Structure formats: structure tokens, C-alpha cells
Amino acid sequence: MTENINATGDFRPRKSLILNAFVEMCSGHQSPGLWRHPEDESHRFNDIDHWIELAKLLESAKFHAIFIADVLGGYDVYKGPRNLEPAITSGAQWPVNEPLAYVPAMASATNNISFGVTVTTTYEQPYHLARRLSTIDHLTKGRLGWNVVTGYLDSAARNLGEAEQPLHDQRYSLAEEYIKVTYKLWESSWRQDAVVLDRERGIYTDPARVREINHAGKYYNVPGPHICQPSPQRTPVILQAGTSKAGKAFAAQHAEAIFVAGHSPSVVAKNITEIRQLAKTEYGRDPQSIKFLSLLCPVLGRTEEEAVKKFESYRSLGSIDGALALFGGWTGIDLSKYGDDEELRHVESNAIRSAVEGWSKASPGVAKWTKQTVGQHITVGGLGSTPVGTPAQVADEMERWVEEADVDGFNLAYAVMPGSFKDIIELLIPELRRRGLFWDDYAVPKGTFRENLYAKAGQSGPREDHPAAKYRWKAGIDAASHKIPEN
């Protein structure tokens, strides 16, 4: 692998990028309104063949994984309160289906590509979710990741028995206990060799190798034992996306890959540095073992003119109302309260001003940021970066993100489905390979998600410096010699 020079002048190995496809079980996802494009097929999201075709296409190009977003409620802040009309009309992540249901079908049609699935800790008991994720890890032969989220939509809370979401830090406190319950169920409840299938003695599972976890905590009481035998990974790959103070602490301790979004590397670089440092100093983890994946929606052409023309076509079909509905859900800010020509750089909201400043640095050509220009900015690619150009130009931009923000790869969003992914496969990936930035094949053919994430055969379980590792009840160890960690 070649070497390059980082921002401090030090030599370091050039990273082989992690590439995921970023999708949701809906139409449009990060590009609201583009279901109107004549070549877009995202409206087929209810059709299982649509997802099988996509999984096979992406695997043919050696994508690491399909990263599946999810929400449990509608985006009802814009023109609100509790007004779903802009989202419903534009199809802005509405309607949306449950993601785990699709994964076994995609896995059965493929051998290598993995699946990162978003599931919240706020509205479901850990015992129930641990069973569902173990089942999917078995059915995918270890190709499952769990994107641990705490939720952000009050509309979801209302439909799940709450007046509103729990407070932000409380959600993370709950998630901290939740994930440790799942570690106990997955890693400590069954010895690795508990299932013996002894036909002569009539013993399916040795009862001495299965035990209760007897978790009694602030939020959960789970005696156990886990109802599923150990799956190929036991603990699925832990993914995460929070960059608040509480989110950073959670990520530094538990995440193996972290999803970040921003329009320029400077927006995410500080968070990445802080999380890596926390992981090392507070939790004794190798900071480079945490893989940071940035949201990117490339618009590609064989020439720059072709790419710009394609981007302008996408912009013309995007839904401003849909984009502002998404913005309202992501930030809690209703931009309908501001005038059409009002410059958002000068409004009273610190959150709006900081967001606009970030966009301004990334897009200096925008003279005046209004709710219209914010909406236009989001219509293609959401809150991430949307580089427009030739494969060489987009690859240059990806290298800039690696150099300036220390990202390890990208969650690649689409403008149109599957056309955006076909452009990435036909145009961008050959350029990345030419530069030594993307592998030619899976590091571990038919391996688990974790083996291919770390490019290390045998790394199906969490690394030794990951907190889940201390929970693992290994084969040949009696129960008295392996106590279940208290926390």
C-alpha cells in the first residue's frame, strides 16, 4: 500500500476505504422528491426483488455493507407543530418500512456484503431485540451490524406510548445500560460450545453451559438466559452516529464504526479527534480501531459538464418542502417561521447560524442563505457532502476528507436509485482502485461483517480492547471461572 503525508507532515499508510451504500426502506431517502426522476426506482422499496437486485449489484463491486437508516415516526416539525403534510406529500422518508425484515432475503442472494441496520434502544426491551439480532446474525452467517440509536423524533415517542422523547442524556444513560444487557445475553449467557447435539445421550444443549445473567439495573431487569445460541459474531458489529457530548462518550466506549455527516471535513474533524482520544484515554481502546464513515452523495459524469448538468437536473426535481421537513426532524427547527427572503445567518437561533456557517464554508458561492437555499442544499444528498464532477475530481475530494478529517470511508447516498450506485461502480470505483484506495475483493471471502471491516480472518467477535470482549464465555471455561461482569 502506498504512503502519503498527513496534515502534520507525518508519513502514514494510505487507507483502503470502507464503502457502504446508505439507504432506507423508503423512497428517496436523502434526496427528497427525486422519486420524480424518470430513471429513479426507489419507489419500488416495497418489492423484495428491488433490494435483492441492489444487494447483488453492490456485492459485485465489493461494497463492504449496506447501511440501512430507519425512523419510527414522521417528520412533522416543518409548518408544524405535528404537521406531517409536507413529508407525506413529498415522500420525505414517508412511508418507511421496517429494515430487519429485508435483510435475510438480501443475504440469501449474496455471500459477502454485510448489513448495518438501525434500531433504537429507547422503545424496545433488550431481551427482545437481542433475540431478533441473534436470529439475523445466524441467517446472514455473521454479516450483521447494529446501528445503535436513541431516536430523535417526538412523533415516534407519541406512537410508542410517550408524550415526548426522554431527555437527550437520559436516552444515552438508558442506551448505556441497554447495550450492556445485550452483551451479557450475547456473550455471557451461553458458553461457545453449549450446543453439543449428542445423539447417543439425547442431549441437544448442555445445561451446565447455559446460565441466567440476572441483570437488575436502573432501567431493566433481565434474568435471562438468552433464548438463542451463540451466533457467528455473537455481538453484531456496533455502529453509532451520535456526536453530542453523551453520544461521543457512548461511541468512544462501544462503537466499532461511526457515521458522521457534514458539508466539509472541518465540520466533522474535531469530533473525530475527540472520540479517538476518548477511546484511548478513557476506555483503553486502540483509537484507529474505530472506523469513521462520512456521508457522501457523489454526482458523477465522464466530464465535469456532464456531472453539472446531471446535478442541475436533480436539483430541479427536488422537493424544497420535503427537504425542509427533513431538516425540521433532524434539528427540531421549523424554518417556516422565517420569511422567504430572510437571511438565516442573522436569525436568533444559534443552531441555525452554526449550520449555515458550516454550509457557507463548504459552498462559498451561495450569496445569501435563506430557507429556500437551505432546502435546495438538502434536496440532493441531505446534510452530507455532494461532490459534483468527474471520477478524478470526486476521488480527490474523498482523499481530502481522509487527509483533513481522518475518516476511514464513506456511507454513499444516492440521488437516484439505482443509477447513482451504477455511476459509482462504473466510474468512481475504478478510479479509487487505480489510486490504491479500494480493495479488489473482500479481505475474507464469505467472512463475517467484522472480519471484513478489520480485514482480519478470525475476527468474528469484538476485538480484545472492546468492552464486549470481557463478557465472552469461551469454550472449555467452566462457569465458576468466568463471572458475568457487573457493568
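Contact here means heavy atoms within 4.5 Å, and helices (H or I, at least four residues) and strands (E, at least two) are DSSP runs, numbered from the N terminus.

This is a predicted model, in which local features need pLDDT of at least 70, side-chain atom pairs count only at pLDDT 80 or more, and totals for chains, interfaces and linings use all residues. Residues are numbered from 1 along each chain as its sequence is written, and side-chain values use heavy atoms, with hydrogens and water left out.

1. Let us start with helix α4 and helix α6. Pro-126, Tyr-127, Leu-129, Ala-130, Leu-133 and Ser-134 of α4 meet Tyr-178, Val-181, Thr-182, Leu-185 and Trp-186 of α6. By class, this contact has nine nonpolar, two polar and no charged residues. Ala, Val, Leu, Ile, Met, Phe, Trp, Tyr, Cys and Pro count as nonpolar, Asp, Glu, Lys and Arg as charged, and the others, Gly among them, as polar.

2. How do α4 and α6 cross? The axes of α4 (residues 126-139) and α6 (residues 168-188) come within 9 Å and cross at roughly 55°. Axes are lines fitted to C-alpha atoms, for helices over the stretch in contact, and angles run from 0 to 180 degrees between N-to-C directions. The two helices are therefore oblique to each other; angles under 35 degrees count as roughly parallel, over 145 as roughly antiparallel, 65 to 115 as roughly perpendicular and the rest as oblique. The crossing of α4 and α6 is right-handed, a term used if the near helix is turned clockwise from the far one by less than a right angle, with anticlockwise giving left-handed.

3. Helix α6 also packs with helix α7 (residues 245-254): their axes come within 9 Å and cross at roughly 15°. That makes α6 roughly parallel to α7, and this crossing is right-handed. On the α6 side, His-168, Asp-169, Tyr-172, Ala-175, Glu-176, Ile-179, Lys-180 and Tyr-183 take part, and they meet Ala-246, Gly-247, Phe-250, Gln-253 and His-254 in α7. These residues divide into six nonpolar, four polar and three charged.

4. Is α7 enclosed or open? Eight of its ten residues are buried, so α7 is largely enclosed by the rest of the structure. Buried means under 20% relative accessible area, exposed over 50%, and partly exposed in between (1.4 Å probe, protein chains only). The buried residues include Lys-248, Phe-250 and His-254. Among the elements covering them are β6 (144-149), α6 and α8 (265-283).

5. Asn-112 sits in the loop between α3 (103-108) and β5 (114-120) and is buried, with a relative accessible area of 14%. A polar atom of its side chain lies 2.5 Å from the backbone nitrogen of Lys-446. Leaving aside neighbours within four places in sequence, the contacts of Asn-112 include Glu-59, Arg-143, Tyr-442 and Asn-452.

6. Ala-413 belongs to the loop between β16 (409-412) and α14 (419-434), and its relative accessible area of 1% makes it buried. Ala-413 and Cys-297 are 116 residues apart in sequence, yet 4.7 Å apart in space, C-alpha to C-alpha. Apart from neighbours within four places in sequence, Ala-413 is in contact with residues including Phe-22, Gln-30 and Pro-298.

7. Finally, Val-260 is part of strand β12 and is buried, with a relative accessible area of 4%. Not counting residues up to four places away in sequence, Val-260 touches Val-268, Phe-292, Leu-293, Ser-294 and Leu-295.

Methods:
Polar contact = N/O pair within 3.5 Å; in protein donor to acceptor, adjacent residues only side chain to side chain.
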